[in-house]
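Colleague: I am new to this one. Could you walk me through it?

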Amino acid sequence: MNVPARANIDEATRTALAELALGDPELLGEGLEMRAEMQRRSGLDSRSFALVKIAALIALDAPPASYLWQVGNALDAGATPEDLIGVLRAIAPQVGGPKTVAAAPELMVALGLALPEGV
């Protein structure tokens, strides 16, 4: 059985971890700068760039927190929830049904939708 470590954690570290867990972009400043540079180099507009990143999350079976962040970025860049369905449909033949089905609830949660019974 795994037992949590009994480390002495200072308040600043506790706060930083809590804010990071909630997706606080201030803690990710360097990553945001790098993301902007990657988008610039890609030649894609911000909406397309965000949708491609969501497609990659689906293909990688990424953790739920990744969807929260990327869906927020996509919506901020002008993507719509319908665009997310389009991404699922576009990549389903390449990533397979199980990954497509597994991504649907992650997208629902990221959009603030309640999951259907049984999920």
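Predicted model: local features only at pLDDT ≥ 70, side-chain atom pairs only at ≥ 80, totals over all residues.

Colleague: Which helix holds Thr100?

Modeller: The helix in question covers residues 97-110. Thr100 falls inside that range, in helix H6.

Colleague: Is Thr100 buried or exposed?

Modeller: Buried means under 20% relative accessible area. Thr100 has 15% relative accessibility, so Thr100 counts as buried.

Colleague: What covers the buried residues of H6?

Modeller: The buried residues of H6 are Thr100, Ala103, Pro105, Leu107 and Ala110. Their cover includes helix H3 (46-60), helix H4 (64-76) and helix H5 (81-95).

Colleague: How far does H6 reach from its first C-alpha to its last?

Modeller: H6 has 14 residues. At 1.5 Å a residue, 20 Å is expected. The span of H6 is close to that, at 20 Å.

Colleague: Which residue just after H6 takes a positive phi?

Modeller: Look just past the end of H6. The phi there is about 80 degrees, and the residue is Gly112.

Colleague: Why does Gln70 count as buried?

Modeller: Gln70 sits in helix H4. Apart from residues up to four places away in sequence, Gln70 touches Arg35, Lys53, Ile54 and Leu57. Gln70 counts as buried because its relative accessibility is 8%.

Note on methods
Residues numbered from 1 in each chain as written. Heavy atoms only, no water. Helix = DSSP H or I, 4+ residues; strand = E, 2+ residues; numbered from the N terminus. Buried < 20%, exposed > 50% of the residue type's maximum accessible area, 1.4 Å probe, protein only. Expected span 1.5 Å × (residues − 1). Contact = heavy atoms within 4.5 Å.
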